[in-house]
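I opened a new notebook page for this model. My plan is to look up one topic at a time and write down what I find.

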Amino acid sequence: MNIQNEPVPPLSPTERYAFFFDVDGTLAAIQSRPDEVFIPASILASLHQLVQLNEGAVALVSGRPMSELDALVSPLHLPLAGVHGAERRDASGHIERLSLPDEVAESISSLLREAIDAMPNTQLEIKGMAFALHYRRAEHFQKEILALAELMTKRFPMLTLQPGKCVVEIKPKGISKGSAIHAFMQQAPFAGRTPVFLGDDLTDEAAFKVVNIMEGLSIKIGEGPSEAAYRLPDVGAVGQWLEQILLQLDQGVATSGGSQGYESLSRRI
Ligand SMILES: [Mg+2]
């Protein structure tokens with residue numbers, strides 16, 4: 001695992017890139033409640049520009065449901081992977097969504113609701129096929145929350161744990177942000193490009209691994225051990241990095257319309 005603060009290298013002018021972003025802790029600062037999270041206007045504007053300059057090869061890959069992701073980047077309408085890859089909307093608008101049998105989902109919901117009600121200031125978030133147990137405002141319940149989640153995965157073997165920052169999630173086995181990025185990379189406009197992924201939490205490690213195998217740029221936001229090759233310290237640094245990327249892409253686009261030969265020639269001279 002890389003724990004160095006490797007600076008992120010500039011984009012290569014001869015490569016085409018596919019950009020994938022986690023949201024919470026990456027494009028948006030973490031707040032005490034998940035419903036208080038927002039993406040700063042400057043980062044939203046940069047994302048919008050990135051979509052235009054990069055032929056639409058920009059997607060969000062998050063633990064949030066896609067409905068929340070759409071609301072967070074509105075009026076942008078991006079390709080999305082939600083709930084850690086359990087749902088995915090590709091660039092053509094086609095949606096794939098994993099679901100649990102109704103009776104399983106109902107039974108887990110009622111068991112969790114009852115247990116969470118006994119732990120003040122913890123919060124249950126039901127995402128359809130996944131369940132998040134938040135304890136940011138009640139960190140002393142961490143052990144109980146983890147034990148509760150483990151109990152559920154033992155009882156329902158089609159589910160697995162996904163720990164995060166002050167949250168433990170229970171999600172279907174076999175899904176990950178890594179498999180979501182892999183799926184995007186098989187399709188237009190992502191196919192044939194070099195993947196770039198930015199994320200801050202444990203769920204992002206699966207995506208870093210996939211991006212590393214594809215020889216892309218894996219970028220961890222913040223501290224902590226990670227498989228990512230590069231690092232940025234916080235959401236503010238992500239905003240600045242995005243602005244640099246836009247400048248580089250803008251220059252690339254300016255020279256790709258038939259004048260590239262002259263441009264590189266004049267550089268050599
Ligand atoms: Mg995150």
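Entry 1, a helix pair. How are α5 and α6 oriented to each other: roughly parallel, roughly perpendicular or oblique? I am working from a predicted model. I looked up the angle between helix α5 (residues 177–184) and helix α6 (residues 205–213) and found about 40°. Their axes are 6 Å apart. Angles from 65 to 115 degrees would count as roughly perpendicular and those under 35 as roughly parallel. I therefore put α5 and α6 down as oblique to each other.

Next I listed who makes this contact. From α5 I noted Lys177, Gly178, Ile181 and His182. From α6 I noted Ala206, Ala207, Val210 and Val211. By class, the residues of the contact are five nonpolar, two polar and one charged.

Entry 2, a sheet. I traced four strands in the order β6-β7-β9-β8. The sheet is open, and the pairing is antiparallel. Which strands are at the edges? I found β6 (123–126) and β8 (159–164), each pairing on one side only. Neighbouring strands are turned by 20° against each other on average, with direction ignored.

Then I went through the pairs that involve β9. Strand β9 (residues 167–172) pairs with β8 over six bridges, in the antiparallel sense. With β7, the antiparallel pairing of β9 runs over four bridges. Leu159 has Pro172 in β9 as its bridge partner. Val168 of β9 has Leu133 opposite, and Pro163 also stands opposite Val168.

β8 and β9 form a hairpin, with two residues between them. Cys166 in this turn has a positive phi of about 55°.

Is β9 enclosed or open to the outside? I counted six of its six residues as buried, so β9 is largely enclosed by the rest of the structure.

Helix α3 (residues 102–117) lies across β6, β7 (131–134), β8 and β9. I read its direction as about 165° to β6.

What does Ser109 touch? Leaving out residues up to four places away in sequence, I found Leu124, Ile126 and Phe131.

Ser107 also lies in helix α3. I noted a relative accessible area of 26% for Ser107, which means partly exposed. Ser107 and Gln251 are 55 Å apart in space, C-alpha to C-alpha. In sequence, Ser107 and Gln251 are 144 residues apart.

Which residues coordinate the magnesium ion? I found Asp22 (OD), Asp24 (O) and Asp200 (OD), at 2.1 to 2.2 Å. Along the chain, the donors follow the spacing D-x1-D-x175-D.

I then placed two of these residues. Asp24 is in the loop between β1 (17–21) and α1 (41–53). Asp200 is in the loop between β10 (194–199) and α6. The pair is 176 residues apart and links distant parts of the chain. Are Asp24 and Asp200 buried or exposed? I have both down as buried.

How values were computed: Residues are numbered from 1 along each chain as its sequence is written. This is a predicted model: local features need pLDDT of at least 70, side-chain atom pairs count only at pLDDT 80 or more; totals for chains, interfaces and linings use all residues. Side-chain values use heavy atoms; hydrogens and water are left out. Axes are lines fitted to C-alpha atoms, for helices over the stretch in contact, and angles run from 0 to 180 degrees between N-to-C directions. Angles under 35 degrees count as roughly parallel, over 145 as roughly antiparallel, 65 to 115 as roughly perpendicular and the rest as oblique. Contact means heavy atoms within 4.5 Å. Ala, Val, Leu, Ile, Met, Phe, Trp, Tyr, Cys and Pro count as nonpolar, Asp, Glu, Lys and Arg as charged, and the others, Gly among them, as polar. Two strands pair if DSSP finds at least two bridges between them. Donors are N, O and S atoms within 2.8 Å of the metal (3.2 Å for Na, K and Ca); water is not among the atoms, so sites may look incomplete. Buried means under 20% relative accessible area, exposed over 50%, partly exposed in between (1.4 Å probe, protein chains only).
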